[in-house]
Amino acid sequence: MFEIILQAILSGITVGSIYGLIGLGFNIIYNASYIINFAQGEFVMLGGMIAATTFNVFKINPIYTLIISTTIVTLIGALIERMAIQPVRHADVSVLVIITIGASIFIRGISMLIWGKDPYILPPFTSSEPIIIKNAAINPQSLWIIGTTIVVVIFLQFFFKKTITGKAMRAVADNKKAASLMGIKIERILLISFGFSGALGSIAGIIITPITLTTYDIGIIFGLKGFSAAILGGIGNSFGALIGGLLLGILECLAAALVSSGYKDAVAFLILLLVLFIKPSGILGKGLIEKV
Amino acid sequence: MIMQYGRINYYILIIIAATVLAFPLFNSNEYIISVMNFMGINIMIVLGLNLLMGYAGQISLGHAGFFGMGAYISGILTAKYSINPWIALIIAVLLTSILALTVAHPTLRLKGYYLAMATLGFGMILSIIFVQLDELTGGASGLVGIPYLSIFGFNLSTSLRMYYLIWVTLFVLTVLSINLVESKIGRALRAIHTGEVAAMVLGVETHKLKIKVFILSAIFASLAGSYYAHFVNFISPSSFDFHYSILFITMVILGGMGSIWGSYFGGSLLSILPEVLHSIEDYNIIIYGFLLIIIMFFLPKGVIPTLSEYISNMPERKGSIIGKLISTYMYPQKGK
């Protein structure tokens with residue numbers, strides 16, 4: 001029993017890091033514009049797909065595919081912002097929901113056209129030999145996932161605290177009008193935030209692919225779970241998303257281990273609904289962790 | 001706005017009903033009739049969803065879930081427990097309404113993105129249940145052996161017989177919807193859409209009203225699901241997944257939010273389109289995605305409301321004969 005729970009917690013931390021990264025992406029865009037980007041999950045799918053393709057074509061170490069495909073997805077994120085969001089930036093919420101959903105299924109359709117419906121694989125970054133700790137096995141790729149997430153978070157922390165652009169983004173999140181009066185170009189911040197969010201999604205997609213494989217249609221599930229992570233941690237509360245993601249991942253894996261693995265996703269969405277119904281501001285509430 | 005008032009809606013309905021009901025006399029090709037049946041089923045769902053989106057201003061990304069509930073409850077009760085299909089249909093409608101009520105109460109307090117995500121999550125949960133509850137639903141491979149409907153011993157075993165049932169039901173629901181949107185409730189709903197706080201201040205019980213419309217739209221979808229199950233005799237979870245919720249939204253948006261005839265237009269066009277474009281069957285979703293973006297950019301009101309606005313402005317256009325005819329016959333109140 002103890003082993004099962006330990007194992008579930010370990011896998012929970014692994015997938016939870018992924019949800020956290022996606023949730024961070026939601027928050028970055030939300031903070032720049034109050035927009036929730038329903039196409040967020042497609043970045044995850046694109047990251048994995050492009051990485052798998054570059055790996056197949058060039059036969060390089062999967063770690064290098066990280067750089068290539070993250071660059072591409074960052075550009076796609078920026079492109080979506082320019083083509084689909086910018087022209088209707090001030091429109092009604094429902095219009096933006098529909099447009100980002102349109103963008104999301106459009107990307108999915110194009111991906112199906114390019115890659116077909118079969119799953120794609122990316123080999124683990126290093127050995128695939130599981131490491132055994134006290135009867136629980138941990139996949140080395142999980143360590144890569146957790147490590148990458150920590151690096152990304154440290155980088156973001158540095159970016160938002162030390163660079164001019166990062167500070168500008170924090171200023172916009174804090175008060176748009178004041179920020180624009182100070183000469184910050186909000187449009188540019190929005191563009192950067194979509195790029196960033198694309199990059200985060202892409203990284204999440206690449207590091208999880210060696211474990212879960214990837215298909216053209218995984219975006220919706222990952223997007224919804226990333227959103228759940230962001231909601232759990234309090235929307236707009238960047239590092240809350242990370243905690244929300246870990247919590248969601250662990251709860252989901254515990255439910256899968258103790259109840260039924262088939263209902264794993266349903267558990268995650270049920271948690272989302274409960275949080276939305278009971279405390280939409282997130283379990284961490286507002287202002288507990290610095291807003292980035 | 002003109003489309004929403006006056007007797008003109010009934011005239012349009014009579015014309016459409018006469019055309020549709022007479023159609024099989026001229027062409028009763030099995031394939032075409034069955035496409036028309038799917039069209040009728042889709043319009044039924046879209047009609048309800050449009051009441052919710054267009055009039056109450058609430059988005060739902062999970063309506064395929066209600067559609068699936070109707071289909072599965074009808075399917076399971078008739079195929080596994082040999083319950084009379086009509087009783088099963090009523091049970092399906094009741095259970096769906098109860099679920100809709102339970103979900104609506106907390107969900108409709110949410111706004112914008114939260115509401116969209118909550119309904120999306122809710123739809124996903126239902127489609128997971130359809131797959132996982134495999135002893136009842138047959139799991140991913142589907143549920144077989146759903147019997148035909150029958151009316152007083154007359155078996156609705158052909159597409160043509162279902163055709164009349166589906167379309168007549170749709171016309172009844174349409175009359176209901178027209179009455180609803182033209183009643184006091186309809187005005188209150190539009191008020192919610194334009195300004196919820198203002199509506200509340202003027203004494204509209206906005207939350208209650210939104211819940212009622214949500215349940216009504218779930219009932220339309222459940223009914224459509226039951227018909228679907230008895231028409232196809234086989235159901236599988238893939239017919240009720242997220243993509244169908246998006247398809248229904250696309251139909252509403254294309255035809256025009258808050259337009260009953262928009263529901264007909266969007267529903268029929270997007271039901272026929274995949275049939276015409278056979279070769280790209282798998283790639284429908286690209287078209288839906290593209291349509292959603294393009295419509296929001298260029299025709300945010302949807303096709304039918306834009307068109308009707310254009311027509312009703314015609315009388316003001318310089319002395320065109322059509323304009324005069326329209327102003328004399330269709331909108332006499334405008335001439336005065």
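In the predicted model, helix 6 of chain A carries A:Ile164 and A:Asp174 as exposed residues on one side, while the buried residues of this helix, which spans residues 164–174, are A:Ala168, A:Met169, A:Val172 and A:Ala173. When the helix is viewed down its axis, these buried residues fall within an arc of 140°, so they line one face of helix 6 of chain A. The partners against which the buried residues of helix 6 pack are helix 1 (2–33), helix 5 (140–162), helix 7 (176–181) and helix 8 (186–212) of chain A.

Helix 8 of chain A also takes part in a contact with helix 3 of chain A, where the two axes come within 7 Å and cross at roughly 140°, the crossing being right-handed. On the side of helix 3 of chain A, the contributing residues include A:Thr65, A:Leu66, A:Ser69, A:Val73, A:Gly77 and A:Arg82, and on the side of helix 8 of chain A they include A:Leu190, A:Phe194, A:Gly198, A:Ser202 and A:Ile206. By class, the residues of this contact comprise 11 nonpolar, 10 polar and two charged. A:Lys59 is exposed, since 7 other C-beta atoms lie within 10 Å, where a count of 12 or fewer defines exposure.

Chain B contains 16 helices and two strands, and of its 336 residues 46% are buried. Among the contacts in chain B that link residues at least 6 apart in sequence, 76% are between residues at least 24 apart.

Two of the helix contacts in chain B involve helix 3, and they are described in turn. With helix 11 of chain B (residues 242–255), helix 3 of chain B packs at an angle of about 115°, the axes being 7 Å apart, which makes helix 3 of chain B roughly perpendicular to helix 11 of chain B. The crossing of these two helices is right-handed. Their contact brings B:His63, B:Ala64 and B:Phe67 of helix 3 of chain B together with B:Tyr244, B:Ser245 and B:Phe248 of helix 11 of chain B, and the residues involved divide into four nonpolar and two polar, with no charged residue.

With helix 5 of chain B (residues 112–132), the axis of helix 3 of chain B comes within 8 Å, and the two axes cross at roughly 30°; helix 3 and helix 5 of chain B are therefore roughly parallel to each other. In this case helix 3 of chain B passes helix 5 of chain B in a left-handed crossing. The contact is formed by B:Ala64, B:Gly65, B:Gly68, B:Met69 and B:Tyr72 of helix 3 of chain B, together with B:Phe122, B:Gly123, B:Leu126, B:Ser127 and B:Phe130 of helix 5 of chain B. These residues comprise six nonpolar and four polar, again with no charged residue.

B:Ser82 is situated in the loop between helix 3 (63–79) and helix 4 (85–107) of chain B, and although it is not a glycine, its phi is positive, about 50°. With 10 other C-beta atoms within 10 Å, B:Ser82 is exposed. B:Pro237, by contrast, which is found in the loop between helix 10 (206–232) and helix 11 of chain B, counts as buried, with 24 C-beta neighbours inside 10 Å. Apart from its neighbours within four places in sequence, B:Pro237 is in contact with B:Ser127, B:Phe130, B:Val131 and B:Ala140. The C-alpha atoms of B:Pro237 and B:Met251 are 21 Å apart, for residues separated by 14 places in sequence.

Between the two chains, 34 residues of chain A are in contact with 32 residues of chain B. On the side of chain A that touches chain B, the elements giving two or more residues are helix 4 (93–115), helix 9 (219–233) and helix 11 (264–278) of chain A. Helix 4 of chain A provides the largest share of that side, with 16 residues. In terms of class, the side of chain A that touches chain B consists of 28 nonpolar, four polar and two charged residues.

Definitions and conventions
Residues numbered from 1 in each chain as written. Chains lettered and ligands numbered in written order. Predicted model: local features only at pLDDT ≥ 70, side-chain atom pairs only at ≥ 80, totals over all residues. Helix = DSSP H or I, 4+ residues; strand = E, 2+ residues; numbered from the N terminus. Buried ≥ 20, exposed ≤ 12 C-beta atoms within 10 Å, placed from the backbone. Contact = placed C-beta atoms within 7 Å. Nonpolar A, V, L, I, M, F, W, Y, C, P; charged D, E, K, R; others polar. Arc of directions from axis to C-beta. Axes fitted to C-alpha atoms, helices over the stretch in contact; angles between N-to-C directions. Parallel < 35°, antiparallel > 145°, perpendicular 65-115°, else oblique. Left-handed = near helix turned anticlockwise from the far one by under 90°.
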